[in-house]
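Q: I have a structure open and would like to go through it with you. Could we begin with a local detail and then move to the whole chain?

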Amino acid sequence: MKGDIISVQNLKKSYGKHIVLDGLNFKVERGSIFALLGENGAGKTTTVRILATLIQADSGIATIAGYNTHREPESVRQQISLTGQYASVDELLTGEENLMMMGRLNHLNRDAVKKRTSELLKQFELVNAAKKSVKTYSGGMRRRLDIAISLLVSPQVIFLDEPTTGLDPRSRRNMWNLIQQLSEDGVTIFLTTQYLEEADQLADKIAVIDNGKIVEEGTAEELKRMIGDEKLELTFDDLEVFQLASKLLQAQANEKERSISIQNGSPENLRNLLNTLHEHGIEPSSINFRKPTLDDVFIDITSRKRRGRSVHA
């Protein structure tokens with residue numbers, strides 16, 4: 001069954017004179033993976049806390065599975081599960097014991113807890129570690145156990161806050177596969193992440209939040225198309241040469257990589273740029289064309305903000 005499972009309308013939240021959410025609006029389709037992206041302080045965590053009924057909005061309406069987060073918090077909590085940035089498991093217990101304990105705390109009967117624990121240990125590939133103390137688990141195993149615990153009561157929506165923070169690349173990739181499988185099984189995933197590649201790989205829809213408002217929204221490809229089809233990237237071996245080229249071209253520069261990115265990657269523009277550099281005795285060490293990434297989208301949005309322009313201008 002499709003349709004929207006999360007609806008947020010004109011959500012506002014302030015702390016004193018500090019406005020955190022300023023008329024937030026978005027919807028999440030049932031069974032999809034939705035990513036909320038934004039810089040630190042943009043309002044991501046506050047949004048999740050309101051949707052998870054941990055705090056209340058000052059005004060506006062937020063519903064999950066048809067239940068109002070303000071008027072019907074208990075009904076909302078029965079539909080959701082929240083997994084924080086760091087695994088909240090008891091290191092002194094085994095993986096199996098953690099699942100059994102949380103099942104009883106959720107008022108499941110003993111037989112139901114035992115059956116569900118067995119299912120989740122298999123699903124999350126933790127059978128061989130089930131009897132081992134969690135303090136012996138790797139970071140990836142702890143995150144898998146944490147998410148397994150969140151699925152004990154079969155929630156319709158899982159909020160994942162930075163789910164792969166601190167994981168090595170292999171564990172991060174395994175977690176991505178797990179998240180995709182959960183979505184295929186019909187669970188709605190609400191994801192916040194600092195890894196833009198993560199949102200690019202996983203999300204069916206991405207919303208970018210800035211100063212408490214959604215400033216851009218769409219699929220990863222739709223967001224990338226905002227800033228053009230291809231970018232031209234020039235790199236330089238010498239730092240001083242790179243700095244001079246940056247001043248001449250007035251484009252997006254990365255001093256660490258000694259690279260300069262140009263929005264318009266047309267052959268004519270490349271010829272003009274190379275002529276400008278040649279006139280000053282500058283030759284790039286390499287020239288590449290590449291498609292935009294979500295990193296480029298973020299940089300474009302924040303650059304417009306710094307220049308004092310509307311993001312939708």
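Q: In what sense do strand S9 and strand S10 pair, and over how many bridges?
A: This is a predicted model. In it, strand S9, residues 205–210, pairs with strand S10, residues 213–218, in the antiparallel sense, and the pairing runs over five bridges.

Q: Which residue in S10 is the bridge partner of Ile-209?
A: The partner of Ile-209 is Ile-214.

Q: And how many residues lie between the strands of that hairpin?
A: Two residues lie between S9 and S10, and in this hairpin Asn-211 takes a positive phi near 55°.

Q: Moving on, how many helices and strands does the protein chain have?
A: The protein chain has 11 helices and 14 strands.

Q: What does the domain assignment give?
A: Domain 1 is made of 4–89 together with 137–225, while domain 2 covers 229–290. Taken over C-alpha atoms, the centres of the two domains are separated by 38 Å.

Q: What does the C-alpha trace span along its principal axes?
A: The span is about 80 × 45 × 40 Å.

Q: What percentage of the residues is buried?
A: Of the 313 residues in the protein chain, 47% are buried. The accessible surface comes to about 16500 Å², with 46% of that belonging to carbon and sulfur atoms.

Q: What about contacts between residues at least 6 apart in sequence: what share joins residues at least 24 apart?
A: That share is 68%.

Q: Finally, how far apart are the mean positions of the positive and negative charges?
A: The protein chain has 41 positive and 43 negative charges, and their mean positions are 6 Å apart.

Note on methods
Residues are numbered from 1 along each chain as its sequence is written. This is a predicted model: local features need pLDDT of at least 70, side-chain atom pairs count only at pLDDT 80 or more; totals for chains, interfaces and linings use all residues. Side-chain values use heavy atoms; hydrogens and water are left out. Domain bounds come from an automatic or database domain assignment. Two strands pair if DSSP finds at least two bridges between them. Helices (H or I, at least four residues) and strands (E, at least two) are DSSP runs, numbered from the N terminus. Buried means under 20% relative accessible area, exposed over 50%, partly exposed in between (1.4 Å probe, protein chains only). Contact means heavy atoms within 4.5 Å. Accessible areas come from the Shrake-Rupley method with a 1.4 Å probe; for residues, only the protein chains shown count as cover. Lys and Arg count as positive and Asp and Glu as negative; His and the chain ends are not counted. The place of a charge is taken as NZ of Lys, CZ of Arg, CG of Asp or CD of Glu.
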